[in-house]
Amino acid sequence: MEPFVRWAGGKTWLIPHMADLLGEVHIEHYHEPFLGGGAIFFSLDHLKKSYLSDANSQLINTYIQVRDNPDGLIEEFQKFHNTEADYYRIREEITADCTIANAARFLFLNQTSYNGLYRVNRKGRYNVPYGFRDTWEYDVQRIRDASEKLKNTRITAGDFEVNKYRIKRNDLVFLDPPYTVSHNNNGFIAYNKNLFSLNSVYTSYAKMSSQMTMHLT
Ligand SMILES: C[S@@+](CC[C@H](N)C(=O)[O-])C[C@H]1O[C@@H](n2cnc3c(N)ncnc32)[C@H](O)[C@@H]1O
């Protein structure tokens with residue numbers, strides 16, 4: 001199943017390798033604290049409860065509305081048209097409030113912006129330009145499918161450590177932080193307010209349990 005948002009650094013390319021990486025391991029719960037588009041979450045089946053979080057509260061509000069009110073979200077979303085004028089009006093209107101209207105705006109901007117990027121200015125206002133995607137179409141069934149998939153999830157806005165104390169034996173934790181200083185030339189860094197050292201994320205999670213197995217890809 002595909003993510004319902006476009007996301008820079010999305011891990012769709014990793015999906016074909018997951019079976020090899022995981023082998024026969026039995027997974028109880030799933031944790032993804034740098035959720036973004038959640039490509040790996042949406043690709044996995046038969047999970048018990050999943051713990052999903054991200055520092056981007058507008059993204060997380062959208063996930064929550066997709067899970068809890070897909071039809072209301074679709075209704076709001078379908079009011080918008082892929083024109084430059086609508087795009088810039090909606091970009092002005094979006095706020096940080098956790099409402100269904102803002103989730104619809106977020107999804108619309110995500111779909112019609114330049115490359116689906118998420119970037120904010122110093123005041124925290126979304127400032128990506130219009131994408132001119134002439135052939136854009138969004139199949140709203142993706143929202144309903146994602147809603148089903150998200151049924152047994154705890155979805156939280158916050159720093160990557162927010163749910164880490166919920167990790168139990170036989171859980172799978174997928175860590176995909178923003179690009180680090182060592183990848184400095186790939187252009188992604190400009191879109192993230194915080195820079196991460198992979199090592200600091202690793203250390204933070206490794207402290208959780210001496211029984212944890214880490215794969216670095
Ligand atoms: C590389 S993207 C994750 C992409 C995701 N795996 C996918 O397939 O779409 C990294 C994510 O980390 C989030 N992020 C940045 N700083 C964070 C922090 N301090 N705590 C939690 N999430 C953070 C960003 O909002 C972004 O969604």
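User: Hi! In what order do the elements of the chain run from the N terminus on?
Analyst: Hello! From the N terminus on, they go α-β-α-β-α-α-α-α-α-β-β-α. Helices (H or I, at least four residues) and strands (E, at least two) are DSSP runs, numbered from the N terminus. This is a predicted model, where local features need pLDDT of at least 70, side-chain atom pairs count only at pLDDT 80 or more, and totals for chains, interfaces and linings use all residues. Residues are numbered from 1 along each chain as its sequence is written.

User: Thanks! How many helices and strands does the chain have?
Analyst: There are 8 helices and 4 strands.

User: And what share of the residues is buried?
Analyst: Of the 217 residues in the chain, 26% are buried. A residue is buried if 20 or more other C-beta atoms, placed from the backbone, lie within 10 Å of its own.

User: Let's look at helix pairs. How do H4 and H6 pack?
Analyst: Helix H4 (residues 70-77) packs on helix H6 (residues 100-112) at an angle of about 60°, and their axes are 9 Å apart. That makes H4 oblique to H6. Angles under 35 degrees count as roughly parallel, over 145 as roughly antiparallel, 65 to 115 as roughly perpendicular and the rest as oblique. Axes are lines fitted to C-alpha atoms, for helices over the stretch in contact, with angles running from 0 to 180 degrees between N-to-C directions.

User: Which residues meet there?
Analyst: On the H4 side they are Gly72, Leu73, Glu76 and Phe77, and in H6 they are Ile100, Ala101, Ala103, Ala104, Leu107 and Phe108. The residues of this contact of H4 with H6 divide into 8 nonpolar, 1 polar and 1 charged. Here Ala, Val, Leu, Ile, Met, Phe, Trp, Tyr, Cys and Pro count as nonpolar, Asp, Glu, Lys and Arg as charged, and the others, Gly among them, as polar. Two residues are in contact if their C-beta atoms, placed from the backbone, lie within 7 Å.

User: What about H3 and H6, at what angle do they cross?
Analyst: Roughly 110°, with the axes of helix H3 (residues 57-68) and H6 coming within 9 Å. That makes H3 roughly perpendicular to H6.

User: And which classes of residue does that contact have?
Analyst: The contact of H3 with H6 has 5 nonpolar, 5 polar and no charged residues. Among them are Gln58 and Leu59 in H3, and Phe106 and Leu107 in H6.

User: Switching topic: which residues come nearest to the ligand?
Analyst: Gly9, Phe34, Gly36, Gly37 and Ala39 come nearest, out of 20 residues around the ligand. A residue is near a molecule if its C-beta atom, placed from the backbone, lies within 6 Å of it. That shell divides into 8 nonpolar, 8 polar and 4 charged residues.

Note on methods. A residue is buried if 20 or more other C-beta atoms lie within 10 Å of its own, exposed if 12 or fewer, and partly exposed in between; C-beta atoms are placed from the backbone.
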